[in-house]
Amino acid sequence: MKIVVLDGDVINPGDISWAPLEKLGEVVIHGHTPEDMIAARAAGADVLVTNKVPLRAATLSRLPDLRMVAVLATGYDIIDTADAAARGIPVCNVVAYGVDDVAQHAWALLLELCRRTSEHTASVRAGEWKDTWCYWKTTPVCLRGRTLGVIGFGSIGRRVGELGHAFGMSVLANCRTPRNPPSYSPFAFASTDQIFQQADVISLHCPLTDATRAIINARALARMKPGAILINTARGPLLDEAAVAEALRSGALGGLGVDVLAKEPPTADNPLLHTPNTLITPHMAWATARSRQNIINLTAENILRWQQGTPVNVVNGVKD
Ligand SMILES: NC(=O)C1=CN([C@@H]2O[C@H](COP(=O)(O)OP(=O)(O)OC[C@H]3O[C@@H](n4cnc5c(N)ncnc54)[C@H](O)[C@@H]3O)[C@@H](O)[C@H]2O)C=CC1
Ligand SMILES: O=C(O)C(=O)COP(=O)(O)O
């Protein structure tokens, strides 16, 4: 069994172990693979392991040896899963490897937008704390009593909701199939429209699909409460970035905290690089050593279960 990792550098810069994968067969690990080198590197591989190297239909058509794809992530929008299914190739993702990491990161962005600790530290360091015992550059925001809208109420969205409840917020949640409401209150399942209209804070935790692409567009922004805060730790293309930038510039949107952008790394003309009240982190919500090791462990488990004929976490319905 030959297993080829197309892009191992980000997930494992050397501080965690590939051993669980290496137990499964001959493993070749590439740091990164440009799209035009995928076919050559995949030659003879039964399993391709990818973190962010895309496997689109045109690429899959050039990989006759391929029998299984293992994604080193939860989000699998980089794979043409329908085309893989048509070729009988199962695609497996990693579920719930770092729920607390991503939820905590969403909250780090939100709390920073409400409290601006870095901005005030910079101000103090710049010598601006003088003549008075207290000052602020932006009025602090308290979240108790406000409404948190969570779009995508799976593993991460649910944890973000729990944290919202702990901060005294009412929680509204939107997902495809509303079920198993949490036990805390106030909580309600809601449509995206209700969330746009009622939430003071909106946090995105749905996958990127045709249904969710640009879910935050000019129309959605126009329905939001003036000064609402938007958090996106899911996928960049969930936002129409130009429309969000305009809403930030006009003040209609009070703050934006994102860990993901439509294009990563961003090009210099990304409109969110220059908007006010904006925090951007470089797709690192997931990246604790524990979570990265969890991904490798769970990917090895996905490959093992597929080898044994009892695949799990198959996202494109191919069961053998
Ligand atoms: N920034 C980062 O480092 C990370 C980002 N992610 C992103 O977060 C996303 C969520 O991760 P998990 O909570 O683990 O996934 P999950 O699969 O547990 O939850 C996703 C939820 O979204 C819902 N959903 C699907 N389509 C929807 C739609 N059209 N409208 C509303 N809700 C919809 C599903 O019903 C489910 O409740 C992933 O898809 C991934 O893109 C995940 C891990 C790390
Ligand atoms: O799991 C995901 O979907 C993430 O976004 C973060 O992890 P990744 O960079 O994709 O390995």
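# A tour of the predicted model

Begin by selecting Asn 277, which is placed in the loop between β11 and β12. Asn 277 is not a glycine, yet its phi is positive, at about 55°. This residue is partly exposed, with a relative accessible area of 31%; buried means under 20%, exposed over 50%, and partly exposed in between, with a 1.4 Å probe and protein chains only.

Residues are numbered from 1 along each chain as its sequence is written, while chains are lettered from A and ligands numbered from 1 in the order in which they are written. The model is predicted, so local features need pLDDT of at least 70 and side-chain atom pairs count only at pLDDT 80 or more, whereas totals for chains, interfaces and linings use all residues; side-chain values use heavy atoms, and hydrogens and water are left out.

Select Pro 265 next, in the loop between β11 and β12 (278-280). The peptide bond that joins Glu 264 to Pro 265 is cis, with omega about -5°. Pro 265 is exposed, and its relative accessible area is 65%.

To find Pro 186, look in the loop between β7 (170-174) and β8 (187-189).

Then move to Arg 116, in the loop between α5 (99-115) and α6 (117-125). Arg 116 has a phi near 50°, a positive value in a residue other than glycine. Is Arg 116 buried or exposed? Its relative accessibility is 13%, and therefore Arg 116 counts as buried.

**Ligand 2**

Centre the view on ligand 2 and show the residues around it: Asn 51, Lys 52, Leu 72, Ala 73, Thr 74, Gly 75, Tyr 97, Arg 235, His 283 and Trp 286. A residue belongs to this shell if one of its heavy atoms lies within 4 Å of the ligand. By class, the shell holds four nonpolar, four polar and two charged residues. Here Ala, Val, Leu, Ile, Met, Phe, Trp, Tyr, Cys and Pro count as nonpolar, Asp, Glu, Lys and Arg as charged, and the others, Gly among them, as polar.

Polar contacts (pairs of N or O atoms within 3.5 Å) can be followed one at a time. A polar side-chain atom of Tyr 97 is 2.7 Å from an oxygen atom of ligand 2, and one of Asn 51 is 2.9 Å from an oxygen atom of the ligand. Gly 75 contributes a polar backbone atom, 2.8 Å from an oxygen atom of ligand 2. On its own ligand 2 has 300 Å² of accessible area, of which the protein covers 91%; such areas come from the Shrake-Rupley method with a 1.4 Å probe.

**Ligand 1**

Turn now to ligand 1, which 23 residues surround; the closest are Ser 155, Ile 156, Thr 233, Asp 259 and Trp 286. Its shell divides into eleven nonpolar, nine polar and three charged residues. Polar backbone atoms of Ser 155 and of Ile 156 each lie 2.9 Å from an oxygen atom of this ligand. An N or O atom in the side chain of Arg 176 is 3.5 Å from an oxygen atom of ligand 1. The protein covers 86% of the 860 Å² of accessible area that ligand 1 has on its own.

**The largest nonpolar core**

Which residues have the most contacts inside the largest nonpolar core? They are Ile 202, Ile 216, Leu 230, Val 244 and Leu 253, in a core of 30 residues. Such a core is a set of buried Ala, Val, Leu, Ile, Met, Phe, Trp, Tyr and Cys residues joined through side-chain atoms within 4.5 Å. At least two of its residues come from each of α8 (192-198), β9 (201-204), α9 (218-223), β10 (228-232), α10 (241-250) and β11 (253-258). The most are given by α10, with five residues.

**Annotated spans**

Finally, colour residues 108-285, which an unreviewed UniProt entry annotates as "domain: D-isomer specific 2-hydroxyacid dehydrogenase NAD-binding". This span is 29% helix and 17% strand, and its end C-alpha atoms lie 10 Å apart. UniProt positions follow the numbering used here, feature names are shortened, and annotations may be inferred rather than shown by experiment.

Definitions and conventions. Polar contact = N/O pair within 3.5 Å; in protein donor to acceptor, adjacent residues only side chain to side chain. Helix = DSSP H or I, 4+ residues; strand = E, 2+ residues; numbered from the N terminus.
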